[in-house]
Amino acid sequence: MSNKARVSEFLGKAGVYYLTTVDGNKPKCRPIGFQMLVDDEIYFCVGDFKEVYKQMQANPYVEICATIETDFIRYFGKAVFVESADLEAKAFEVLPMLKQLYNEKTGFKMKIFKLEEAVAEFRSMMKVEERIEF
C-alpha cells in the first residue's frame with residue numbers, strides 16, 4: 001500500500017476530519033467528510049460559494065487532522081485546485097449526495113483540491129510515530 005493510500009485509509013476510517021485554513025491572521029477549522037484516492041492522489045472538495053474556498057485562495061496552506069481513538073493524523077501542505085470533469089464525475093460517484101448541492105439549479109460549483117508540498121504525520125497522543133513527506 002502506498003503512503004498516500006495509507007493516509008486516505010486513515011481518513012476513511014476516521015469518517016469525519018477537520019480542515020483548518022487561515023482567515024486573515026486567525027485559524028478557521030471545520031469538519032469535512034469527503035476524500036477520494038484516484039491514481040494514488042488524495043482529493044478533497046469545497047464549495048466555491050463558501051468562506052473556506054476564499055480563505056484557501058488567499059492562503060493555500062491548510063491542515064487536515066483526524067483521530068481514531070488515541071491515534072491521529074496531521075496531513076498538511078499547499079492546497080492546489082484541479083479542474084477536471086473526470087474527477088468531478090468520480091466525486092459524484094463516490095458520494096452521490098454531492099449532486100444535490102453542486103448542480104446547475106443551485107449554481108454552486110464543487111472545487112476539487114489536493115495537497116502539494118505535503119507532510120503526513122501519523123501520531124499517538126505522545127509522539128510522532130511516522131512522518132512522511134510527499
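This is a predicted model: local features need pLDDT of at least 70, side-chain atom pairs count only at pLDDT 80 or more; totals for chains, interfaces and linings use all residues.
Before anything else, a word on helices and strands: helices (H or I, at least four residues) and strands (E, at least two) are DSSP runs, numbered from the N terminus. With that settled, Asp 39 sits in the loop between β3 (36-38) and β4 (41-47), and we will come back to it.

Hi everyone, and thanks for coming. Residues are numbered from 1 along each chain as its sequence is written, and side-chain values use heavy atoms, with hydrogens and water left out.

Let's take the whole chain to begin with. The protein chain has 4 helices and 8 strands, and from the N terminus on they come in the order α-β-β-β-β-α-β-β-α-α-β-β. Its radius of gyration is 15 Å, close to the 14 Å that the globule rule gives for 134 residues, so the chain is as compact as a globular protein of that length. Along the principal axes, the C-alpha atoms fill a box of roughly 50 × 35 × 25 Å.

UniProt, in an unreviewed entry, places the feature "domain: Pyridoxamine 5'-phosphate oxidase N-terminal" at residues 6-101. UniProt positions are given in the numbering used here, feature names are shortened, and annotations may be inferred rather than shown by experiment. Over residues 6-101 the chain is 32% helix and 46% strand, with the end C-alpha atoms 29 Å apart.

Now for packing and surface. Of the 134 residues in the protein chain, 40% are buried; buried means under 20% relative accessible area, exposed over 50%, and partly exposed in between (1.4 Å probe, protein chains only). Contact here means heavy atoms within 4.5 Å. Among contacts between residues at least 6 apart in sequence, 63% join residues at least 24 apart. The chain exposes about 7800 Å², with carbon and sulfur atoms supplying 50% of it; accessible areas come from the Shrake-Rupley method with a 1.4 Å probe, and for residues, only the protein chains shown count as cover.

On charges, the mean positions of the 19 positive and 21 negative ones are 5 Å apart. Lys and Arg count as positive and Asp and Glu as negative, while His and the chain ends are not counted. The place of a charge is taken as NZ of Lys, CZ of Arg, CG of Asp or CD of Glu.

Let's go inside. Ile 73 lies in strand β6 and is buried, with a relative accessible area of 0%. Which residues does Ile 73 touch, not counting those up to four places away in sequence? They are Val 7, Phe 10, Leu 11, Ile 64, Cys 65, Ala 66, Ala 120, Glu 121 and Phe 122. Leu 11 is 62 residues from Ile 73 along the chain, yet their C-alpha atoms are separated by 8.2 Å.

Leu 115, in strand β7, is also buried, at 3% relative accessible area. Beyond four places in sequence, its contacts include Glu 41, Val 62, Ile 64 and Tyr 75. Leu 115 and Glu 41 are 74 residues apart in sequence and 8.8 Å apart in space, C-alpha to C-alpha.

Is Lys 4 buried or exposed? Lys 4, in helix α1 (residues 3-14), is buried, with a relative accessible area of 12%. Leaving aside neighbours within four places in sequence, Lys 4 is in contact with Leu 37, Asp 40, Glu 41, Ile 42, Tyr 75 and Phe 134.

Finally, the loops. Phe 108 lies between α4 (98-101) and β7 (110-123) and is partly exposed at 30% relative accessible area. Phe 49 is one of its contacts, 59 residues away in sequence and 6.5 Å away in space, C-alpha to C-alpha.

And back to Asp 39, as promised. Most residues other than glycine have a negative phi. Phi of Asp 39, however, is near 50°, a positive value, and the residue is exposed, with a relative accessible area of 77%. Glu 69 also has a positive phi, of about 55°; Glu 69 lies in the loop between β5 and β6 (71-82) and counts as exposed at 79% relative accessibility.

That's my tour, so over to you for questions!

Notes. The radius of gyration is taken over C-alpha atoms; the globule rule is 2.2 Å times the number of residues to the power 0.38.
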